[in-house]
Amino acid sequence: MKEKKFMQRAIELSVENIKNNGGPFGAVIVKDGIIISEGTNRVTANNDPTAHAEISAIRQAAQKLNTFNLSGCEIYTSCEPCPMCLSAIYWAHLDKIYFGNTKTDAKDIGFDDSFIYDELEMNPDDRKVAMERLLPEEAILAFEDWKNKEDKIEY
């Protein structure tokens, strides 16, 4: 079963990454039965809070395939994706997610994303990070330009 082989590679990456000063997460993206990209968690190693394994794999796959639309691809990740990675997977149009550990498993070792899920359910005025709307009359101009652009590439 090829799926197990791809998941084993994602898990292998997660284990190797710990030895390389990274977090315990790995991911691979597969198209037509071939691994086209790999990613590991490099948040602390690169001082980049977005350097999650899934994000890294998505960026690499998009560059390799020269497209932002990864339809026809699947992602294998050592852990259930966090809210940021899950959003990126949806934006990338990946067909399927295979995962090993759960978000509860991640929470049990100090990677707790539940507060983000809670924040998303809240009114923006009640969120932990203060939010304030500024210059909506000016900001909307770009949206109007986009709406009227005839040669746009939609995503």
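Buried means under 20% relative accessible area, exposed over 50%, and partly exposed in between, with a 1.4 Å probe and protein chains only. By that cut-off, buried residues make up 30% of the 155 residues in the chain.

This is a predicted model, in which local features need pLDDT of at least 70 and side-chain atom pairs count only at pLDDT 80 or more, while totals for chains, interfaces and linings use all residues. Residues are numbered from 1 along each chain as its sequence is written, and side-chain values use heavy atoms, with hydrogens and water left out.

**Stop 1: the whole chain**

Show the cartoon. Helices (H or I, at least four residues) and strands (E, at least two) are DSSP runs, numbered from the N terminus. Trace the chain along its sequence and the pattern reads α-β-β-α-α-β-α-β-α-α-α. Along the principal axes, the C-alpha atoms fill a box of roughly 50 × 40 × 25 Å. Contact means heavy atoms within 4.5 Å. Of the contacts in the chain with a separation of 6 or more, 48% are between residues 24 or more positions apart.

**Stop 2: the sheet**

Select the four strands. In what order do they lie in the open sheet? The order is E2-E1-E3-E4, with mixed pairing. The edge strands are E2 and E4 (96-101), and each pairs on one side only. From one strand to the next, the twist averages 15 degrees. Two strands pair here if DSSP finds at least two bridges between them. Strands of a sheet pair through backbone hydrogen bonds, either parallel or antiparallel.

**Stop 3: strand E1**

Select residues 26-31. This is E1, with five of its six residues buried. On one side, E1 pairs with E2 (residues 34-40) in the antiparallel sense over six bridges. Stop at the hairpin of E1 and E2, which has two residues between the strands. Asp32 takes a positive phi near 55 degrees there.

Now pick Val28. Val28 stands opposite Glu38 in E2 and opposite Tyr76 in E3. E1 and E3 (residues 73-79) run antiparallel and are joined by five bridges.

**Stop 4: strand E3**

Select residues 73-79. Six of the seven residues of E3 are buried, so this strand is largely enclosed by the rest of the structure. E3 pairs with E4 in the parallel sense, over five bridges. Follow Tyr76 across to E4, where Tyr98 stands opposite.

Next, centre on Thr77, which lies in E3. Is Thr77 buried or exposed? Thr77 counts as buried, at 1% relative accessibility. Ala27 stands opposite Thr77. Leaving out residues up to four places away in sequence, Thr77 touches Met7, Ala10, Gly26, Ala27, Glu54, Ile97, Tyr98, Phe99 and Gly100.

**Stop 5: helix H1**

Select residues 2-19. Helix H1 lies across E1, E2, E3 and E4. H1 runs at about 150 degrees to E1. Axes are lines fitted to C-alpha atoms, for helices over the stretch in contact, and angles run from 0 to 180 degrees between N-to-C directions.

Lys4 is found in H1. Lys4 is exposed, with a relative accessible area of 56%.

**Stop 6: the largest pocket**

Switch to a surface view. A pocket is an open set of points on a 1 Å grid over the protein atoms alone, where a 1.4 Å probe fits, with protein on both sides within 12 Å along at least five of seven lines; lining residues have an atom within 4 Å of a point.

The largest pocket has a volume of about 280 Å³. That volume is the space filled by probe spheres set on the points, with grid points joined across faces, edges and corners. Which residues lie nearest the centre of the largest pocket? Select Phe25, Asn41, His52, Phe111 and Asp113, out of 20 lining residues.

Helix H3 (53-65) and E3 each supply at least two residues of the lining. The largest share, three residues, comes from E3. Colour the lining by class: ten residues are nonpolar, six polar and four charged. Ala, Val, Leu, Ile, Met, Phe, Trp, Tyr, Cys and Pro count as nonpolar, Asp, Glu, Lys and Arg as charged, and the others, Gly among them, as polar.
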